[in-house]
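Biologist: Please show me the model. I would like to go through the terms used for it one by one.

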Amino acid sequence: MNRVDTLMARMTLPEKLGQLTMTASGYTVTGPVIAGDSTQSIIDGTLGNLLNMVGAGPVHEMQKLAVEQSRLGIPLLIGLDIIHGHRTLFPIPLAEAGLFDERLWERTAREAAREGAAEGLAMTFAPMLDVSRDPRWGRTAEGPGEDPWLNGRIAAAKVRGFQGTDLSAADAMAACAKHFVAYGCVNAGREYAEVDISERSLHEVHLPGFAAAIRAGVATLMPAFHDLNGVPMTAHIPLMRDWLRGKMGFDGVIVSDYNAIAELIKHGVAADLTDAAVLALKAGVDIDMMSDAYRKGLPVALEQGRVTIEEIDASVRRVLLLKERLGLFDDPYRRGAKAEDAEIISQRRALSREVAAKALVLLTNKPATGRDTLPLPAATQRLAVIGPLADAATEMKGPWWGAGEHEPAVSVLAGLREALPGATVHHAAGVAIDGADEGGLAAAVALCDGVDAVVLCLGERATMSGEAASRATPTLPGRQQALADAVIARARALGIPVIAILFSGRPLVVPELAERADALLAAWFLGREAGHAIADVLTGRVSPSGRTPMSWPRATGQIPVFFGQRPTGRPIHAADYYTSKYQDVDNTPLFAFGHGLTYGRMRYGALQVEPQRLHAQGELQVSVTLHNDGVHEAEETAFLFVRRKVSRVTRPLLELKGYGKLRLAPGESGVLTLRLAADELRWLDEDLQPVFETGEVEVCVGPSAEVTGLQRQTIELS
Ligand code: BGC
């Protein structure tokens with residue numbers, strides 16, 4: 001008998017249910033304050049998993065109780081949410097999505113895992129793979145943005161990063177693909193609300209990211225809180241038992257979301273905790289996080305014959321196998337055995353700065369006094385840094401910074417002062433992030449006099465996005481629009497440029513600001529090194545390359561606005577009344593998916609696509625020549641989209657299938673070549689089965705999903 005079978009043969013029912021239970025420990029700066037009875041449960045062998053522990057000392061202390069004092073000595077599985085860095089904070093996931101860089105997606109997860117594992121942690125509840133096309137939803141900040149193909153690439157890179165090549169290595173952590181599935185579609189963007197979507201969009205948009213994570217070997221998965229088409233995900237047999245375990249062959253551990261099993265009662269599908277436990281177990285949930293439904297309900301259900309011991313055992317076996325794969329039985333203290341040295345931590349900060357600068361999206365950069373507004377001219381001597389987010393070091397960390405370093409992140413003001421040591425940098429907040437007070441406005445506007453440029457830092461508080469942070473009106477909060485109007489009017493009168501930097505966990509609806517500012521940047525929340533990274537880009541030390549992974553609406557009423565929409569029988573036509581359009585706003589987004597300027601000026605040459613006729617086993621080679629006609633070096637990201645012209649089911653107007661990058665010096669040209677396997681051109685037919693359908697496909701390449709900027713060529717699938 002192997003170790004797991006031997007153990008299982010010796011386990012009592014309470015010990016088995018302990019392995020299916022995860023409990024939180026509150027923690028403080030100095031150590032954990034674990035709920036009184038949890039400590040005893042660990043010793044009793046009736047609690048096998050913990051979340052929210054921080055620090056190698058406390059983690060080992062708890063592990064010691066399990067290993068040395070419990071009857072069977074089964075080590076604990078200890079997990080924590082590491083959403084964008086553990087101690088060293090990286091940009092939020094939405095910002096990172098805009099890197100379009102598999103190597104960096106993987107690296108930040110790898111570094112986060114090293115840092116977490118160095119503190120004894122073996123599991124993290126990340127990555128979040130919920131495609132979101134609704135910026136009202138606060139958790140948009142934690143995810144990949146609007147596109148399913150992009151989501152799949154991020155999913156695989158993050159799993160590789162967290163888990164490494166060997167799950168038992170001292171620096172590897174089990175990843176958790178969450179929240180399964182379509183959580184990003186909560187009704188009207190309202191957190192925890194129901195989701196009612198078609199089978200087709202489920203399969204085309206929301207499942208592929210999870211499929212990619214499973215193919216990459218993700219060790220665990222978490223169902224979402226919501227009700228999907230009438231069945232709460234925690235009890236969803238067709239998707240969890242049939243699709244996940246059955247079709248995808250996922251044999252890892254499924255851990256419920258926080259208290260989600262008990263919430264089946266409020267959803268109205270379970271009468272009591274026992275009922276809830278039965279539903280979740282039958283759907284395939286192995287670990288009950290925080291409901292205590294399994295420990296309380298399953299003994300009753302077993303006695304009533306509503307679950308079998310075999311069903312319980314299957315889950316226990318999966319949990320023990322995960323602990324074995326993580327190497328916990330062989331060396332429960334391997335993780336956290338060695339503190340990291342200062343050199344590694346400082347390299348990680350450098351990585352955070354690099355990634356943050358690359359994640360910054362230059363949305364507009366208008367000509368001012370005969371040149372582009374950015375980068376700032378070398379002669380810049382006097383700056384006014386205005387706005388409630390200019391000197392907001394804590395906000396820079398973004399939502400859910402968990403165990404992130406307690407020292408504040410670098411503010412824009414601090415970053416610019418350090419980058420421009422000889423310059424005079426004035427600062428005023430003007431108004432608060434939120435609230436109606438305009439008392440500080442005049443003094444802020446007065447700072448415009450006598451400076452070379454104004455940097456206006458606006459946006460959301462970090463806690464305005466993330467879990468339970470939906471916003472019905474995702475615009476500039478409080479009196480910030482009034483501040484922007486007044487500062488821009490004064491700067492205009494003085495003939496000086498205004499560079500607006502937006503902080504947010506979502507695209508914001510800011511048409512006036514985009515129109516009136518001389519340059520506009522989406523900084524999302526960039527983490528520990530935010531201010532340095534922003535200064536790097538503003539001063540031109542780094543040429544920006546970030547792209548938006550979500551379309552930016554012109555108006556809240558346009559939501560959801562995304563590039564993968566399907567055609568209509570009456571496409572927009574200005575002169576034809578009965579076509580698909582609004583009376584009061586354009587159909588297009590303010591900024592399209594993939595938009596992001598560089599300091600170069602990229603010209604796309606003609607598209608070369610080979611072969612012109614593609615068979616099912618073939619591969620497409622797509623090349624485009626890029627010329628940098630600008631005066632600065634730049635890295636361009638070019639996107640590859642396809643459009644099926646005629647098909648038995650309607651296809652989206654554009655489907656993302658790839659991207660590539662090319663760095664070009666001023667005046668330089670280069671050829672970017674992208675490859676696409678014909679296999680990626682399979683679509684789901686009327687019965688949701690993949691088919692390789694012969695016929696015409698348009699291949700499109702360009703700097704974003706904005707249709708007028710795309711080079712197109714039609715090929716034949718045969
Ligand atoms: C969130 C999850 C998270 C869990 C544990 C829940 O509220 O929805 O994303 O992993 O808490 O912290």
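Modeller: The shell around the ligand consists of seven nonpolar residues, one polar and five charged. Ala, Val, Leu, Ile, Met, Phe, Trp, Tyr, Cys and Pro count as nonpolar, Asp, Glu, Lys and Arg as charged, and the others, Gly among them, as polar. This is a predicted model, in which local features need pLDDT of at least 70 and side-chain atom pairs pLDDT 80 or more, while totals for chains, interfaces and linings use all residues. Numbering starts from 1 along each chain as its sequence is written, and side-chain values use heavy atoms, without hydrogens and water.

Biologist: Which residues are the closest to the ligand?

Modeller: Asp81, Arg139, Lys178, His179 and Asp257 are the closest of the 13 residues that surround the ligand. A residue is near a molecule if one of its heavy atoms lies within 4 Å of it.

Biologist: Why are α11 and α12 called roughly perpendicular?

Modeller: Helix α11 (residues 273-283) and helix α12 (residues 293-303) pack at about 90°. Angles of 65 to 115 degrees count as roughly perpendicular, and α11 and α12 therefore get that name.

Notes:
Axes fitted to C-alpha atoms, helices over the stretch in contact; angles between N-to-C directions. Helix = DSSP H or I, 4+ residues; strand = E, 2+ residues; numbered from the N terminus. Parallel < 35°, antiparallel > 145°, perpendicular 65-115°, else oblique.
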